There are 2 protein chains.
Amino acid sequence: MKIGIIGSGVVGQTIGAKLVERGEDVVLGTRSPQKLEDKRGMGGSLGEWVKKTNNKGRVATFQEAARHGEIVINATAGTGSVEALKAAGEQNLNGKIVIDISNPLDFSKGMPPSLTVCNTDSLGEQVQRAFPKANIVKTLNTMTTVIMVDPSQVAGGDHHVFVSGNDAAAKARVTELLKRWFGWRDVIDLGDITTARGTEMILPIWVRLWGALGTPMFNFKVAR
Amino acid sequence: MKIGIIGSGVVGQTIGAKLVERGEDVVLGTRSPQKLEDKRGMGGSLGEWVKKTNNKGRVATFQEAARHGEIVINATAGTGSVEALKAAGEQNLNGKIVIDISNPLDFSKGMPPSLTVCNTDSLGEQVQRAFPKANIVKTLNTMTTVIMVDPSQVAGGDHHVFVSGNDAAAKARVTELLKRWFGWRDVIDLGDITTARGTEMILPIWVRLWGALGTPMFNFKVAR
């Protein structure tokens with residue numbers, strides 16, 4: 001399947017590499033695709049990423065990545081997500097599933113981060129409002145990157161991932177992909193895109209748990 | 001031990017009854033202690049509560065309950081917590097551990113509730129600022145009432161409760177009490193009282209999980 005990823009930091013790189021490994025046709029979108037040797041945040045350089053995918057993964061502009069994808073994944077930092085998706089082009093998102101992994105974390109005032117939007121709105125809703133003809137599915141934003149693509153890394157995979165979105169078919173499709181691509185066993189459908197408030201607002205306790213436990217290698221399980 | 005509970009709704013009643021059962025000397029504080037036969041929110045009447053405790057639990061004013069308690073428990077609705085604790089009397093809280101179970105839920109605009117404070121502040125911090133000589137320990141605010149006092153009700157008790165507070169000794173004491181009183185096995189110390197932002201901001205996903213699962217009988221486990 002053709003996948004376009006918007007954002008080439010550690011989240012975009014990790015998801016992209018895993019999807020290439022799963023046999024998907026991946027284009028990783030970035031602001032400056034010509035700068036293949038620059039290090040990207042916590043990820044490596046995009047040249048290293050391409051090598052890691054045995055030269056199967058491609059690097060291109062946001063626009064080219066979005067145009068390429070049957071499904072588009074937003075892996076940008078939350079503070080720049082709407083702008084990055086606008087640069088990708090609304091016409092390249094319309095009618096498609098957009099998997100939104102971003103979180104509205106504001107690090108500008110130091111640690112711990114606060115949220116740029118919460119409580120009566122969410123970044124998931126902002127993205128859905130900005131692109132009303134795309135089917136936004138918020139998911140994977142409640143755990144560290146390596147667990148997103150390999151839930152078996154902690155507690156044998158016995159924990160949860162959530163989906164939020166207005167379109168039931170889009171959520172069902174993403175649920176199936178989370179299981180097939182990454183091995184998620186238990187995906188909880190929280191409801192419409194307003195439920196993204198809940199998963200984004202879990203970030204403050206997530207950040208504090210990282211501090212308290214001394215590791216980001218944990219995830220939430222809804223124990224029943 | 002002498003325990004004063006501020007708030008006589010379902011949380012105060014449930015915790016109070018369990019503490020009487022555990023042999024503690026409990027005074028349940030309420031705004032109108034003379035109205036023993038009125039039903040209290042989702043709880044029963046206070047007359048029924050007294051009977052349920054085999055007449056060992058007592059009902060009194062907020063002031064009398066706080067004065068009685070070596071430890072004071074805030075079990076009021078979050079929107080009225082600071083006011084209720086002021087009515088209980090700052091001099092009756094100073095130097096004591098105040099276990100704060102309240103959540104800043106605002107139901108005035110319908111369901112789902114929003115929070116009256118979040119992100120860069122929390123109700124736990126507001127309470128601590130209002131009573132600087134009390135040791136506020138935020139805990140038990142992330143699950144439904146029956147699970148607070150009996151974690152074995154779901155998943156054999158294999159899930160978590162958090163504590164937030166500025167005083168390490170107070171948190172250690174409350175941790176020990178959570179284990180002894182209610183059977184909690186795994187208590188996570190998140191850090192100072194600002195970490196109450198994290199546990200209070202978990203409420204939006206908690207409310208949506210209740211809707212998605214059709215039951216409040218679940219709790220968060222930090223899977224590692």
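Trainee: Where is Asn55(B) found in chain B?

Mentor: This is a predicted model, and in it Asn55(B) lies in the loop between helix 2 (46-52) and strand 3 (58-60) of chain B. Look at its backbone too: phi is positive, about 60 degrees, although Asn55(B) is not a glycine.

Trainee: Which peptide bond in chain A is cis?

Mentor: Check omega. From Met111(A) to Pro112(A), omega is near -10 degrees, and that bond is cis. Pro112(A) sits in the loop between strand 6 (105-106) and strand 7 (114-115) of chain A. In chain B, the bond from Met111(B) to Pro112(B) is cis, also with omega near -10 degrees.

Trainee: Now the core. Which residues touch the most other members of the largest nonpolar core?

Mentor: In soluble globular proteins, nonpolar side chains tend to be buried together. Here the largest nonpolar core has 134 residues, and those touching the most other members are Ile5, Ile6 and Ile73 of chain A and Ile5, Ile6 and Ile73 of chain B. Setting aside neighbours within four places in sequence, Ile73(B) contacts Ile3(B), Ile5(B), Ile6(B), Ile15(B), Ile99(B) and Ile101(B).

Definitions and conventions: Residues are numbered from 1 along each chain as its sequence is written. Chains are lettered from A and ligands numbered from 1 in the order in which they are written. This is a predicted model: local features need pLDDT of at least 70, side-chain atom pairs count only at pLDDT 80 or more; totals for chains, interfaces and linings use all residues. A nonpolar core is a set of buried Ala, Val, Leu, Ile, Met, Phe, Trp, Tyr and Cys residues joined through C-beta atoms within 7 Å. A residue is buried if 20 or more other C-beta atoms lie within 10 Å of its own, exposed if 12 or fewer, and partly exposed in between; C-beta atoms are placed from the backbone. Two residues are in contact if their C-beta atoms, placed from the backbone, lie within 7 Å. Helices (H or I, at least four residues) and strands (E, at least two) are DSSP runs, numbered from the N terminus.
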